[in-house]
Number of protein chains: 2
Amino acid sequence: MTFPVVGMIGGGQLARMTHEAGIPLGIKFKLLSDTPQDSAAQVVGDVVIGDYRDLATLRAFAQGCDVITFDHEHVPTEHLRALEADGIPVRPGPDALVHAQDKGVMRARLDAIGVPCPRHRIVSDPEDVAAFAAELAGDGAADGFPVVLKTVRGGYDGKGVWVVRSAEEAAEPFRAGVPVLAEEKVDFLRELAANVVRSPHGQAVAYPVVESRQVGGVCDTVIAPAPDLDDELALQAEELALRIAQELGVVGHLAVELFQTRDGRILVNELAMRPHNSGHWTQDGAITSQFANHVRAVLDLPLGDPRPRADWTVMVNVLGGDYPDMYSAYLHCMARDPQLKIHMYGKDVKPGRKVGHVNTYGDDLDDVLERARHAAGYLRGTITE
Amino acid sequence: MTFPVVGMIGGGQLARMTHEAGIPLGIKFKLLSDTPQDSAAQVVGDVVIGDYRDLATLRAFAQGCDVITFDHEHVPTEHLRALEADGIPVRPGPDALVHAQDKGVMRARLDAIGVPCPRHRIVSDPEDVAAFAAELAGDGAADGFPVVLKTVRGGYDGKGVWVVRSAEEAAEPFRAGVPVLAEEKVDFLRELAANVVRSPHGQAVAYPVVESRQVGGVCDTVIAPAPDLDDELALQAEELALRIAQELGVVGHLAVELFQTRDGRILVNELAMRPHNSGHWTQDGAITSQFANHVRAVLDLPLGDPRPRADWTVMVNVLGGDYPDMYSAYLHCMARDPQLKIHMYGKDVKPGRKVGHVNTYGDDLDDVLERARHAAGYLRGTITE
């Protein structure tokens with residue numbers, strides 16, 4: 001059989017779960033991982049250990065891959081261009097991926113195509129931040145503060161993000177020497193995510209819009225579909241995500257993180273061009289998971305049905321707690337709820353680290369939420385009965 | 001984390017799919033495979049290439065495994081006893097597994113515990129076969145022929161099985177020098193399978209009883225649940241399988257292949273103590289798949305809910321056809337049916353070889369059956385539009 005080889009750069013849990021989804025598809029999976037202990041490197045057969053920042057390593061890895069895709073967005077854009085010049089399909093390609101790598105590029109492009117975003121400006125020092133705040137104040141926002149500052153590259157899970165209440169507080173983000181993006185702090189009702197998958201020939205599917213609840217800047221709970229979401233706003237969010245995928249030439253999974261404002265608008269917060277935490281519910285809650293559809297998309301295979309299999313699906317992340325051994329808690333959770341779907345990443349437990357997630361589904365949202373929260377809390381050690 | 005290591009002996013598709021199911025469970029998976037090209041060896045990270053018939057190889061492999069389980073039933077019973085004596089848990093253990101390895105031992109044991117089976121006798125030559133046929137004839141069956149002959153060890157998928165119409169035809173089965181079991185040819189309405197999973201501490205779950213349709217001695221289609229099956233007969237089949245699992249001390253998945261006779265009885269045809277083709281539907285059709293529950297059972301973890309997620313789930317095996325490259329047919333099937341679940345084994349296509357299966361589910365059995373049959377036929381090349 002001439003089933004293709006998908007090369008995945010990065011050995012985290014997204015690569016682990018993409019490998020899992022690729023097994024039934026019959027495709028061959030090759031992994032470039034930092035260490036043999038990485039989450040995906042523990043379970044993949046064909047693993048190369050190496051540094052994704054080194055072009056020679058990338059070029060050697062790409063030999064024998066039919067397509068290259070990613071567990072993370074940190075591969076230097078110029079290296080991706082070099083791989084493309086070598087004739088290796090890179091999906092998503094560097095021209096799309098740069099929008100998930102650089103928040104400045106992303107905001108400029110979304111502005112250009114008329115996608116609603118929080119007000120924003122690239123700032124070069126605390127005085128610039130004060131000027132931006134004054135501009136926001138002109139629109140009626142008290143003194144314009146607080147303002148959100150983000151380094152344009154390298155942030156994730158709340159890292160590289162600061163909420164500052166004055167120009168004096170705004171010194172730290174500039175210390176890294178990376179350009180900084182200032183954004184208004186949106187008065188949002190809640191956060192939503194619109195997940196879509198697009199293939200090179202332009203087929204695209206949209207998953208139901210979900211509600212995403214963050215704790216301390218880290219995704220905690222995802223509810224699919226977003227409860228009490230107006231049909232028209234849901235449609236608007238799905239269309240927005242599909243339009244972004246098309247305009248930016250995304251191939252594979254695109255997560256569009258959204259703010260739902262108190263005055264009924266949606267604004268784009270972040271973009272991710274890979275399977276995303278807000279789509280983990282699809283493993284057990286959708287006909288085709290985001291991981292399977294990402295693989296299908298990067299291979300230009302016809303996409304699978306994204307519709308839900310249950311009325312409600314809830315995902316809750318399992319964070320590490322103080323106790324390093326989760327196995328006995330794991331037994332308890334399985335015994336308590338035989339329908340619980342646990343997804344462990346094989347990572348060492350460290351306080352606050354994402355080490356897994358649980359999915360629950362059913363027709364009663366309260367019950368589904370309670371079961372997921374209980375299991376995740378019990379695994380972490382914050383619930384003990 | 002102290003998540004355990006499951007050692008799997010045998011690199012076929014059952015090991016491949018068990019590995020897939022083990023990834024979200026966070027367990028570590030170690031494989032003993034004949035060659036690096038075997039179905040599971042292509043996708044597992046920790047693979048030892050070696051001969052399962054060699055005790056030294058088994059002993060070296062078992063180092064670092066918390067439990068040993070199987071892709072097939074061919075490991076010599078005495079080797080399993082040696083591993084147990086070394087202190088390695090073997091699940092299912094040799095005292096249980098011998099009933100799936102040796103059809104003579106299986107029949108004797110099922111007789112002893114009062115499980116209904118086809119009439120049978122160990123025979124040593126064609127004259128014995130004639131005498132057995134004469135006995136059947138005494139019960140009213142014309143001349144007693146045809147009679148089914150099976151070598152007690154080594155058969156699968158119709159291999160090692162003969163249907164003979166006279167003593168003269170009965171010479172071949174004796175040529176291998178293996179004991180031969182003679183059985184009445186049951187006048188069955190259809191074949192059923194009762195799949196159960198049992199853990200060392202005695203927890204057990206029963207999947208819905210399925211109908212299994214064979215073509216040329218090879219499983220072709222499985223329908224879950226078995227259509228039009230009387231509730232009482234279904235319960236009887238589930239109870240029978242649970243009782244066999246308990247009496248024989250099975251740990252892990254047990255498939256009990258059954259004949260439903262025209263006069264409304266069920267008789268045990270074969271036993272398999274590992275994930276089984278009649279349970280592949282559970283991957284997409286049950287809350288917990290047979291593979292996940294097998295892993296949970298051999299680790300003595302609480303078992304997952306075996307109930308179905310859809311009204312009907314159909315599995316059809318994909319056999320190799322004349323054309324070695326299935327990839328273009330695969331694209332077509334995905335495009336035609338975005339809900340289709342394809343499971344490919346990474347095996348080279350040879351005519352008649354099982355190279356994958358498809359699952360479909362829904363609330364209209366005719367539609368679900370048609371979609372699965374079409375996809376499997378198209379992949380094989382017997383349907384071209």
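**Close-up views of a two-chain predicted model**

**View 1. Packing of α3 against α4 in chain A.** Thr77(A), Leu80(A), Arg81(A) and Glu84(A) in α3(A) meet Pro94(A), Asp95(A), Leu97(A), Val98(A) and Gln101(A) in α4(A), where contact means heavy atoms within 4.5 Å. Sorted by class, this contact of α3(A) with α4(A) comprises four nonpolar, two polar and three charged residues (Ala, Val, Leu, Ile, Met, Phe, Trp, Tyr, Cys and Pro count as nonpolar, Asp, Glu, Lys and Arg as charged, and the others, Gly among them, as polar). Residues are numbered from 1 along each chain as its sequence is written, and chains are lettered from A and ligands numbered from 1 in the order in which they are written. Helices (H or I, at least four residues) and strands (E, at least two) are DSSP runs, numbered from the N terminus. The axes of α3 (residues 77-85) and α4 (residues 94-101) of chain A come within 10 Å and cross at roughly 165°, axes being lines fitted to C-alpha atoms, for helices over the stretch in contact, and angles running from 0 to 180 degrees between N-to-C directions. That angle makes α3(A) roughly antiparallel to α4(A) (under 35 degrees counts as roughly parallel, over 145 as roughly antiparallel, 65 to 115 as roughly perpendicular and the rest as oblique). The crossing of α3(A) past α4(A) is right-handed; a crossing is left-handed if the near helix is turned anticlockwise from the far one by less than a right angle, and right-handed if clockwise.

View 2. Most residues other than glycine have a negative phi, and most peptide bonds are trans. In the loop between α3 and α4 of chain A lies Pro92(A), which is joined to Arg91(A) by a cis peptide bond with omega about 0°. A cis bond also leads from Phe145(A) to Pro146(A), with omega near -5°, and Pro146(A) belongs to the loop between α6 (126-138) and β6 (147-151) of chain A. In chain B, Asp228(B) is not a glycine, yet its phi is positive, at about 55°; Asp228(B) sits in the loop between β12 (218-224) and α7 (231-248) of chain B.

View 3. Four strands of chain B form an open sheet in the order β3-β2-β1-β4, with parallel pairing, two strands being counted as a pair if DSSP finds at least two bridges between them. At the edges are β3 (46-49) and β4 (67-70) of chain B, each of which pairs on one side only, and the twist from one strand to the next averages 25°. Helix α2 (residues 55-62) of chain B packs on this sheet, touching β1, β2 (28-33), β3 and β4 of chain B, and its direction makes about 165° with that of β2(B). Strand β1 (residues 5-9) of chain B runs parallel to β4(B) and is joined to it by four bridges, with Ile9(B) standing opposite Phe70(B) in β4(B).

View 4. Five bridges link the antiparallel strands β6 (residues 147-151) and β8 (residues 180-184) of chain B, and Thr151(B) is placed opposite Val180(B) in β8(B).

**View 5. Helix α1 of chain A against helix α1 of chain B.** The α1 helices (residues 13-25) of chains A and B pack at an angle of about 155°, with their axes 10 Å apart, and are therefore roughly antiparallel to each other. Their crossing is left-handed. Arg16(A), His19(A), Glu20(A), Ile23(A) and Pro24(A) in α1(A) meet Arg16(B), His19(B), Glu20(B), Ile23(B) and Pro24(B) in α1(B), and by class this contact has four nonpolar, two polar and four charged residues.

Definitions and conventions: This is a predicted model: local features need pLDDT of at least 70, side-chain atom pairs count only at pLDDT 80 or more; totals for chains, interfaces and linings use all residues. Side-chain values use heavy atoms; hydrogens and water are left out.
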